[in-house]
Amino acid sequence: NADVGSGGEKSAVEGVKYYTLEDIRVHNMSNDTWLIIHDKVYDITSFLEEHPGGEEVLLEQAGADASESFEDVGHSTDAREMLEQYFIGDLRFEKKKKLNPYISSLFCSSWSIWLISAVAAVVVGVGYRYFIFEHRSS
Ligand code: HEM
C-alpha cells in the first residue's frame, strides 16, 4: 500500500499524490521498489519478477530516476502502457528548484539569449567605434 508511511502529500484538486525525491529514495529494496520515470512515480514491487529485462536493472534504479535508462532501452508502446498500472503519484519538485524561478530562468532556460545579447552588444560597440574612427580620419 503506497499510502502507508510514504510521506506523500495529496493534492486537494485531483487527488494525485506528490512525492519528493526524499520520499522516493527509501523505496529501494526488492520488497519495496519505486521508480521515477518522466516525473511520475511508480511502485513496481509486484512487477520486478515480470520484467522481461530482469529485476536486476530495475533494482539498480530503485528509489531514483530511471527515465534515462528506460528510454535508452527503447521500450515498446506496450511497455509504456504497462507503466500506468503501477502509477502512484507525481514527483514533487524540491523547494530549491521552485524557490526562485526568476533566478533559475536567468541561468538556465535563457542563458543563450543573454549570451547572444552580450555578443551583439560587443559587435555593435566595436562597429560604432570603427565608424567614428573612419569618419574622423577622412
Ligand atoms: C516500470 C518500468 C518498466 C516497464 C513497465 C518495463 C517493461 C518492459 C517490457 C514490456 C519489456 C519487453 C520489451 C518491450 O516491450 O519493450 C522490457 C524490456 C527491457 N527492459 Fe524494461 N521496463 C521498465 C523499466 C526498465 C528499466 C528502468 C530498465 C533499465 C535499464 C529496463 C531495461 C529493460 C531491458 C534491458 C529490456 C530488454 C530485455 C530484452 O530485450 O531481452 N526496463 N521492459
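With angles of 87 to 179° among its 6 donor atoms, the iron atom of the ligand sits in an octahedral site. For reference, ideal angles for six octahedral donors are 90 or 180 degrees. The protein contributes His51 (NE2) and His75 (NE2), lying 1.9 to 2.0 Å from the iron. Donors here are N, O and S atoms within 2.8 Å of the metal (3.2 Å for Na, K and Ca); water is not among the atoms, so sites may look incomplete.

His51 lies in the loop between strand S5 (40–43) and helix H2 (55–61), and His75 in the loop between helix H3 (67–73) and helix H4 (77–83), so the pair ties together parts that are 24 residues apart in sequence. Both histidines are buried, where buried means under 20% relative accessible area, exposed over 50%, and partly exposed in between (1.4 Å probe, protein chains only).

A word on what you are looking at: this is a predicted model, in which local features need pLDDT of at least 70 and side-chain atom pairs count only at pLDDT 80 or more, while totals for chains, interfaces and linings use all residues. Residues are numbered from 1 along each chain as its sequence is written, and side-chain values use heavy atoms, with hydrogens and water left out.

**The chain as a whole**

The chain holds 7 helices and 7 strands, in the order β-β-α-β-β-β-α-β-α-α-β-α-α-α from the N terminus. These are DSSP runs numbered from the N terminus: helices are H or I with at least four residues, strands E with at least two. Of the 138 residues, 27% count as buried. Among contacts (heavy atoms within 4.5 Å) between residues at least 6 apart in sequence, 58% join residues at least 24 apart.

**Strands and their partners**

Two strands pair if DSSP finds at least two bridges between them.

| Pair | Sense | Bridges |
|---|---|---|
| S2 and S7 | parallel | 2 bridges |
| S5 and S7 | antiparallel | 3 bridges |
| S3 and S4 | antiparallel | 2 bridges |
| S4 and S5 | antiparallel | 4 bridges |
| S4 and S6 | parallel | 2 bridges |

Strand S4 (residues 32–37) is mostly covered, with 5 of its 6 residues buried.

Strand S7 (residues 87–91) has 4 of its 5 residues buried, so it is largely enclosed by the rest of the structure. Its Leu91 is the bridge partner of Tyr19, and its Asp90 is the bridge partner of Lys40. Is Asp90 buried or exposed? Asp90 is buried, with a relative accessible area of 17%. Leaving aside neighbours within four places in sequence, its contacts include Val16, Tyr18 and Val41.

Methods:
Tetrahedral: all angles 85-135°; square planar, octahedral: opposite > 155°, others 65-115°.
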